[in-house]
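Visitor: Could you walk me through this model, one question at a time?
Guide: Gladly! Let us look at it together.

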Amino acid sequence: MEQIRSLSQLLEYAKKIGAEKGPKKLSVAMAEEAGLLSAIEEARQAGFAQAILVGNADKIKAAADQAGVNLANYEVIDERNEPAMGMTAVSQVSSGKADIYMKGQIHTNNFLRAMLNKEVGLRKGKNTISHCYFHSVEGYDRIFFVADAAFNMYPDLAAKADITQNTVNLARAFGVAEPKVAVLAAVEVVNPDMPATLDAAALTQMNRRGQIKNCVVDGPFALDNAVSEESAKTKGIVSPVAGKADVFIVPNIDGGNMLAKAIVYFSKNETAGLILGAAAPIVLTSRADSARAKLLSIAAAVTLSDFQK
Amino acid sequence: MTMQKLDFLLEESRKGRPMTLALACPYGDDALAAVARAGREGVVKAVLVGDGARIRTLAEQDGCDLSGVTIVEEKNDEKAVERSVRMVSSGEADLLMKGLVKTSTLLKAVLDKEWGLRTGSLLSHLFLFEIPVMDRRVIGISDGGMNTYPDLSAKAKIIENAVSCYHKIGVPQPRIAALAAVEAVNPDMQATLDAAALAKMNERGQIRGCIVDGPLALDNAVSEESAKIKGISSPVAGNADMLLVPDIESGNFVGKVLLYMTGGKGAGVILGARKPIVLTSRFDSMETKLLSIALGAVVARS
């Protein structure tokens with residue numbers, strides 16, 4: 001497949017999957033908000049998604065009416081207890097009736113508890129579950145994948161290796177044949193007093209020893225030498241990743257969150273996010289996200305689900 | 001009202017007697033071209049400290065006009081740095097700028113106990129950036145590179161340094177957002193604890209001349225809409241003039257996004273010494289270099 005280089009292209013690709021192979025099915029926990037139903041309806045009309053809506057059927061009906069969505073096109077499972085909504089929604093995915101687990105109005109704790117449940121959840125062994133933001137930024141010819149800026153606070157080396165692999169798999173689903181992974185720090189030299197640089201060096205070696213696959217990992221990098229070839233050259237860094245990184249592994253939630261939000265608020269960009277590393281893609285959007293961002297997250301989940309099948 | 005556009009710095013720097021800038025080892029990184037231009041445009045009075053023959057050759061190669069620029073002859077790099085610093089500490093010059101010499105060499109000289117520029121405060125870097133997608137709103141970041149993992153008292157000093165700079169550029173009560181990844185205090189996240197403490201220190205008058213609030217995530221610090229959705233009501237939320245970042249990694253990431261992904265321009269200066277220090281990178285645009293020199297000059301004047 002051709003590499004998806006912007007989030008507009010992602011949307012087109014998801015439509016293509018829908019047209020050629022049929023829509024993917026979302027299972028939505030507490031689908032009781034109009035904005036969310038609008039985004040799901042848009043994905044349905046674009047042909048790449050269908051949905052099972054779990055929640056209080058009266059409230060789902062009210063939200064659907066408000067959004068102008070016809071519920072005849074959806075399966076609704078009436079469930080009034082919030083923790084049970086998560087369990088019911090996630091078991092649709094683990095039993096194979098749906099492909100993607102999606103958060104509605106349900107509290108994040110209840111949503112995740114269901115996802116981690118040993119019997120009906122989606123945990124894949126001990127693999128770390130992680131979040132990925134993906135951005136297309138004006139002036140750059142490729143999508144930037146940033147992880148983990150939202151889910152794991154202060155991951156250790158083992159968790160960072162999982163986060164890297166999860167994110168690489170998503171980049172590959174987007175058609176990046178061998179993603180270039182930059183492990184970020186504040187500087188590009190290994191410094192014993194800066195733990196991020198030590199983890200970066202270790203992740204590079206883990207990649208060379210086959211412990212992180214299907215990608216080229218290098219680090220530590222400062223952000224400039226990961227995105228700008230000129231900057232890397234002046235610093236004398238010779239690496240296939242320098243200036244060409246697709247994936248950015250951040251040291252922790254503080255730097256990651258500020259990096260992702262600086263891109264969102266300070267540049268011309270499109271951004272969406274996904275939860276990775278479980279047995280199925282997980283969409284966790286917030287009420288503050290735009291309708292477009294929600295649609296793009298669904299398109300990404302559809303693309304990843306198709307890739308994993 | 002948040003600050004908009006940085007060009008006022010150029011006008012401000014031209015008011016009154018021009019400040020004298022001592023540029024140590026002006027051999028590349030385009031610092032020479034920027035200083036020569038700042039000199040011609042009356043932003044500063046330029047003094048170049050280094051090997052005169054080498055400077056003239058480089059200027060000729062780059063088509064750089066040195067008229068009106070003074071050259072102080074000092075062939076040895078380390079001595080040129082010392083001479084530049086001494087010029088500033090003795091009052092012969094008003095601000096210092098780094099040319100093609102290691103930052104560590106320059107800072108060692110700046111911190112020299114006898115003839116350096118130390119004040120007992122902490123050195124910190126403030127970067128002001130004009131953001132095109134935000135209607136050219138100016139947002140400051142500190143500390144983007146001098147302090148690696150500042151503790152609470154270091155963070156308080158970083159804010160104090162920035163506040164004195166804001167006062168000098170005409171912002172009497174800057175709104176400072178102490179950033180973290182989230183806006184709720186979380187005992188497992190040190191940045192949120194420091195942010196809460198800084199907000200309280202501000203309330204108790206331990207940090208003055210500004211309004212500090214935190215923890216704030218970057219989105220609710222700069223976007224009123226985002227602050228509203230999260231239900232945060234504070235004079236800082238959505239309207240921050242400056243973002244205090246928790247550590248060098250986050251500062252570096254935000255700073256580099258601004259430099260590499262926004263198409264905007266900025267002005268940076270090192271604060272906390274007796275006089276401002278200008279330190280530009282070869283990747284900074286000519287505009288950013290000029291604005292940094294102008295910012296240094298404005299801070300040096302008052």
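Visitor: Which residue of E2(B) does Leu23(B) stand opposite?
Guide: Before we start, this is a predicted model, in which local features need pLDDT of at least 70, side-chain atom pairs count only at pLDDT 80 or more, and totals for chains, interfaces and linings use all residues. Residues are numbered from 1 along each chain as its sequence is written, while chains are lettered from A and ligands numbered from 1 in the order in which they are written. Strands (E, at least two residues) and helices (H or I, at least four) are DSSP runs, numbered from the N terminus. In E2(B), the residue opposite Leu23(B) is Leu48(B).

Visitor: How many bridges pair E1(B) with strand E2 of chain B?
Guide: Two strands pair if DSSP finds at least two bridges between them. E2 covers residues 44-50 of chain B, and its pairing with E1(B) is parallel. The number of bridges is six.

Visitor: Why is strand E1 of chain B largely enclosed by the rest of the structure?
Guide: A residue is buried if 20 or more other C-beta atoms lie within 10 Å of its own, exposed if 12 or fewer, and partly exposed in between, with C-beta atoms placed from the backbone. In a regular strand the side chains alternate between the two faces of the sheet. On one side of E1(B), Met19(B), Leu21(B) and Leu23(B) are buried, and on the other so are Thr20(B), Ala22(B) and Ala24(B). The strand, residues 19-24, is largely enclosed because its buried residues number six of the six.

Visitor: How far apart do the C-alpha centres of domain 1 and domain 2 of chain A lie?
Guide: The domain bounds come from an automatic or database domain assignment. For chain A this gives domain 1 (7-123 + 278-308) and domain 2 (134-270). Their C-alpha centres are separated by 29 Å.

Visitor: Which element gives the most to the side of domain 1 of chain A that touches domain 2 of chain A?
Guide: Residues are in contact if their C-beta atoms, placed from the backbone, lie within 7 Å. Seven residues from domain 1 of chain A and seven residues from domain 2 of chain A take part. On the domain 1 side, helix H1 (7-21) and helix H11 (291-308) of chain A each supply at least two residues. The most, five residues, comes from H11(A).

Methods
Contact = placed C-beta atoms within 7 Å.
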